[in-house]
Amino acid sequence: MDIETVPTFELGDILATRCGNTLTGKFLTNSKIALIAYTHKNTNAFANCEQPSKDGVEDPVLIYIAQETTIYEEPLLRSLLSEANTTFNTLRKLGKNASKTEYINVSQAYRSIVRSCLEKLEQMKTTPKLQVDEAELRCSSEAITTFYAVECLWHLFEILYVQEQHNQMILAQLLKWTRFHFPQTEAHATDLLLMAEDASDRDDYWEILKTLIMLGEVSVTAAILTQNRKAGRDEFQEAISILKAMPVFEDGYALQKFRSQWEYWHVNGEHKLDANAFAAEPELELLMQLVVGKNEQWDEALCKSKEWYEYLPGYLLYTNPTCKPFDLRIAATAWLNRWSRLRPEWQMKTMSRMIKHLMAHDIKLFLFEMQQLNESNWFATHLIDLIYQSGQLNSYCEQRKIDLKSLRNSTVYNFGSFLMTSHKLWQLGIDYLDCCGEEGIAAINILLPRIPFKTERLALKLIAMARQRNLFEVEPEICKVLFKRSYDEERHGSALEWVIRSKDATVVTAMADFILKNYSKTGIFVCPDVITNIGARMFIAPRLVFLCKYFEFNELYRKRDFSSATKLLVNLLDSKITPSYFWPTLFIESIPLLESKEPMLTSKETVTILHHLETNLLPLIEQNMLETAIFPNLSSTVELKDYRIENVDEMVSVLRYACARNYSRTILKENTA
């Protein structure tokens, strides 16, 4: 809880030790930092051609990954985030036009979520599993401490700045606040009431009663005193009468009339003390001295209190019961000075300091320290959002030149970005980033593709979320990941579908090359059903167009529609999109058409085949021969192979013969027709 506590860790790296324990780092995704040993070199080192140190050669270079720890790994705390997200969305729908009551309900809903989580964490601490797991127990204890402080601070903020108090009378709510957050004394009081007369025999009887008085539990103290064995004595009857007669301000009560009644009651109590009405019972007399606000007795009791603010509302009950927010500022400052004088060794921690800021109406400092708490800004995000939506502190922020809107957007943005780095909480993070305008959308655009997904169902969900926000750059990134995953798993049909959806021409070309090369080697199309249904999507990349058209040629040929197949084959030869490695396959496909009994190709088409043979395939053969001669140990740049032939040169000879024969047949037939 204390922001002065900075976590430290030790690497113990040999190379780093030799370099003077200096490190350098780089931020990675998902709140990670890569750390490595580092030695600074100035520009003179390079000018003097300084040699690398021996340490850099002898010792291994190790890279350490440091990741931010979070208390939200615990499922109970993840449920807190989920419930708070629902309340956050409710407040976002209400906007700035809701009623005061609705904003109070939202604030109380947040506190209820925290209280419920704290109760569950307390129950979990008692389970046998946590009793043997020190790390889990430590994390649970840290979470309880943190969110107890959050609930306590939120409750006080709600009393002072959210709730609408009648005549600005805040004391009754402050008393409830202290009793709520210091419940041990009430538990002891319950025990005393159950014990009846026997309670007065307890050693801590009067200490409990003094604590009850200092917490403002006047009626409970009177009830316990009526059960005392000496309750029939005059001293006890007088004390019980004073306690029961204490005026309590209620709604609709005239303020001036209440003050007059209280002053009369207070003076009456002092007169009773001055008259030694309780002298026969020293402990009871001390109790009544606390009730009338005697400073000596309060100073003595303060030395035993846990926190400086624990008994402040109780003291105000007996000295200034009509305390208003302005009075609280003065009273809190004086009380804190009194506490510091009585406890000079005491050091104020973060929570105590933040309570001081709230009571002193120093909201600017409170907002600053709130963002330093170690709960990943959950508290700051939701409370500042409530302040912004309700408009409660608009005038204060204008006077102090606080840009509340920017502050709210900044905290919501940071918290949403933090949630997006978790594979379990990213869906909640999107709701927060959606509230941050262009910056939030830009963050979603960057972070959404980085969310790890194991199933295609989750990937489709991510794509749908991106489309809802017109983030068209997200889908290609996700589709390329799914393409690579499907390709590695040899699910080629799925790989082709995802790569087409990515609309990345380079990756689509690579996948089409794989299918075409596989066909050249095996004569089998790996995913014919997907290729059949590509349709107009083939225009993403020229190579995909070629694949689809060549597949169509195969289908026509298989159906014995040789006329259409022939025209398509010639078009492919003329298309200028034929990959270099696929020329042998195309020419082999033309040989059966050239050798058919009935001419399938015209003389002009035959010349076209010969032209492409001479201008496209033969230069590739010559280039491969030259590369092999110069670099005999390296493979050729373009691999010219087909599963139906062993030697390309033989195929060229056969093709030339087939072209000559078909040309002679077709030219005679065309000239005699």
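**Overall architecture**

Student: What share of the contacts with a separation of 6 or more joins residues 24 or more positions apart?
Tutor: Such pairs account for 66% of the contacts in the protein chain with a separation of 6 or more, a contact being heavy atoms within 4.5 Å. Please note that this is a predicted model, in which local features need pLDDT of at least 70, side-chain atom pairs count only at pLDDT 80 or more, and totals for chains, interfaces and linings use all residues. Residues are numbered from 1 along each chain as its sequence is written, and side-chain values use heavy atoms, with hydrogens and water left out.

Student: How many helices and strands are there?
Tutor: The protein chain has 34 helices and 3 strands. These are DSSP runs numbered from the N terminus, with helices (H or I) of at least four residues and strands (E) of at least two.

Student: Why is the chain described as more spread out than a compact globule?
Tutor: Because its radius of gyration is 42 Å, well over the 26 Å that the globule rule gives for 673 residues. The radius is taken over C-alpha atoms, and the rule is 2.2 Å times the number of residues to the power 0.38. Along the principal axes, the C-alpha trace spans about 145 × 65 × 55 Å.

Student: And what percentage of the residues is buried?
Tutor: Of the 673 residues, 47% count as buried. Buried means under 20% relative accessible area, exposed over 50%, and partly exposed in between, with a 1.4 Å probe and protein chains only.

Student: How many charged side chains, positive and negative?
Tutor: There are 74 positive and 87 negative side chains, and the centres of the two sets lie 6 Å apart. Lys and Arg count as positive and Asp and Glu as negative, while His and the chain ends are not counted. Each charge is placed at NZ of Lys, CZ of Arg, CG of Asp or CD of Glu.

**Helices and buried residues**

Student: Is helix H23 mostly covered or exposed?
Tutor: Helix H23, residues 426-433, is mostly covered, with 7 of its 8 residues buried. Among the buried ones are Trp 426, Ile 430 and Tyr 432.

Student: What covers them?
Tutor: The cover for the buried residues of H23 includes helices H4 (75-94), H20 (378-390), H22 (404-420), H24 (437-447) and H25 (456-468).

Student: Where is Met 651?
Tutor: Met 651 belongs to helix H34, residues 648-672. Its relative accessibility is 3%, so Met 651 counts as buried. Setting aside residues up to four places away in sequence, Met 651 touches Pro 584, Phe 587, Ile 588, Ile 591, Leu 617 and Ile 645. From Met 651 to Gly 391 the C-alpha to C-alpha distance is 84 Å, and the two are 260 residues apart in sequence.

Student: Next, Ser 352: which residues does it contact?
Tutor: Beyond its neighbours within four places in sequence, Ser 352 is in contact with Glu 307, Trp 308, Tyr 309 and Trp 346. Ser 352 lies in helix H18, residues 350-359, and is buried with a relative accessible area of 3%.

**Aromatic pairs**

Student: How many aromatic pairs does the structure hold?
Tutor: It holds 38. Rings of Phe, Tyr and Trp (its six-membered ring) pair if their centres lie within 6.5 Å; planes under 30 degrees apart count as stacked, over 60 as edge-to-face and the rest as tilted. One of the pairs is Phe 147 with Trp 378, edge-to-face at 5.9 Å centre to centre with 70° between the planes. That pair links distant parts of the chain, with Phe 147 in helix H7 (residues 134-162) and Trp 378 in helix H20, 231 residues apart. Phe 147 is buried at 0% relative accessibility, and Trp 378 is buried at 0% as well.
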